[in-house]
Amino acid sequence: PPRPRPSPAVTSCLSTVVAYPALLQHEESLSVRAGGGFGGGASSSLGACYDVGAWMAYLESIDDALDILKDGLRSLSAENKKDHVARTATIEAGGRTFRISSATAPGITHTRGQFRKEIERVVRARITVGERAVSLLPGSYKLWKNHLLFRTSLLERPSSAPADETEERFRKRCDRNRIPQYLLSSSEHHKRYAAAKNAYERSLVRLHKMPAIWLHYAAFTALYDPSRDPTAVRRVYDRALVSLPASQHDRVWDDYLAWTTGILPGKTGG
């Protein structure tokens, strides 16, 4: 039978990954050793695609590239702001070289705006690779924890503004689109929160006996729930107590009582 076609998310992910030689090596290793093809056929039941270590190495390589790209953008923005002069920066990440300036010119690969969009594409690719990993290995605590923590990290900025965007530029962007600031930031926060919450729920299908997942989920809900509804947090803790054996209830109660008395949950472990 014909092999299933990759989803749009996977297609977009691959179009980003192929531009980074270091990341492409991981993708090819997972696909070729698994029997070929990104869509996954019968032959993909064996090989690197079922190797947790191979997926972790892939995800860590993307994280390394993202760190370099974000640090480079922050440095370039700080220098331009300090000197009030358009500068050109050269950044190497994932085996790819970028030459960035505020204006297009021969030899310039990206303007700052294009570079920000490139970072967004890599973030989306990172999410897709994580989703592929946990879909193939849904019982892997290591992969789920990595994926959930990355999803959660996307909520750490309180607004939808890019990392180097000033408050003034953010206001202008809202005015230009005729959108109140609170709606733009809240909408983006809600979408990311809903996506991360969905990932937590899916992880618990297989890992509902893992207390660390429940505790991370409760802390995530307490910190990032847009409604700030304490009932949502209480329900996570209550579900954890129902799902876990009595021998592990102490771990839940310690955090549950700390949260109830107004103290953020401590170290969740794992």
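Why does Ser 243 count as buried? Its relative accessibility is 17%, and buried means under 20% relative accessible area, with exposed over 50% and partly exposed in between (1.4 Å probe, protein chains only). Before we go on, keep in mind that this is a predicted model, in which local features need pLDDT of at least 70 and side-chain atom pairs count only at pLDDT 80 or more, while totals for chains, interfaces and linings use all residues. Residues are numbered from 1 along each chain as its sequence is written, and side-chain values use heavy atoms, with hydrogens and water left out.

**The whole chain**

- You'll find 10 helices and 3 strands here; both are DSSP runs numbered from the N terminus, with helices being H or I of at least four residues and strands being E of at least two.
- Starting at the N terminus, the elements go α-α-α-β-β-β-α-α-α-α-α-α-α.
- Of the 270 residues in the chain, 42% are buried.
- Take the contacts (heavy atoms within 4.5 Å) with a separation of 6 or more: 57% of them are between residues 24 or more positions apart.

- The 3 strands make an open sheet in the order 1-2-3, with mixed pairing.
- As background, strands of a sheet pair through backbone hydrogen bonds, either parallel or antiparallel.
- For two strands to count as paired here, DSSP has to find at least two bridges between them.
- Strand 1 (residues 89-93) pairs with strand 2 (residues 96-101) in the antiparallel sense, over 5 bridges.
- Along that pairing, Ala 89 sits opposite Ile 100, and Ile 91 has Phe 98 as its bridge partner.
- These two strands form a hairpin with 2 residues between them, and Gly 94 in the turn has a positive phi of about 60°.
- Strand 2 and strand 3 (residues 110-111) run parallel and are joined by 2 bridges.
- Ile 100 shows up again in this second pairing, where its bridge partner is His 110.
- Strand 1 has two faces: Ala 89, Ile 91 and Ala 93 are on the covered one, while Thr 90 and Glu 92 are on the uncovered one.

**The core**

- A nonpolar core is a set of buried Ala, Val, Leu, Ile, Met, Phe, Trp, Tyr and Cys residues joined through side-chain atoms within 4.5 Å, and the largest one here has 62 residues.
- Among the residues with the most contacts inside that core are Trp 55, Leu 69, Phe 115 and Tyr 237.
- Helix 3 (residues 52-83) gives the most to this core, with 11 residues.
- Leaving aside its neighbours within four places in sequence, Phe 115 touches Leu 69, Leu 73, Ile 91, Phe 98, Ile 100 and His 110.

**Helices packing together**

- Helix 8 (residues 211-224) packs against helix 10 (residues 249-260) at an angle of about 10°, with their axes 10 Å apart.
- Those axes are lines fitted to C-alpha atoms, for helices over the stretch in contact, and angles run from 0 to 180 degrees between N-to-C directions.
- Where they meet, helix 8 brings Pro 211, Ala 212, Leu 215 and Ala 222, and helix 10 brings Arg 251, Val 252, Asp 255 and Trp 259.

- Ser 243 lies in helix 9 (residues 230-243).
- Apart from neighbours within four places in sequence, Ser 243 is in contact with His 208, Lys 209 and Trp 214.
- Arg 228 is in the loop between helix 8 and helix 9, and counts as exposed because its relative accessibility is 54%.
- Arg 228 also has a positive phi of about 55° although it is not a glycine.
- In general, most residues other than glycine have a negative phi.
- Cys 13 counts as buried at 2% relative accessibility, and so does Cys 49 at 5%.
- The structure holds 0 disulfides (pairs of cysteine sulfur atoms within 2.5 Å).
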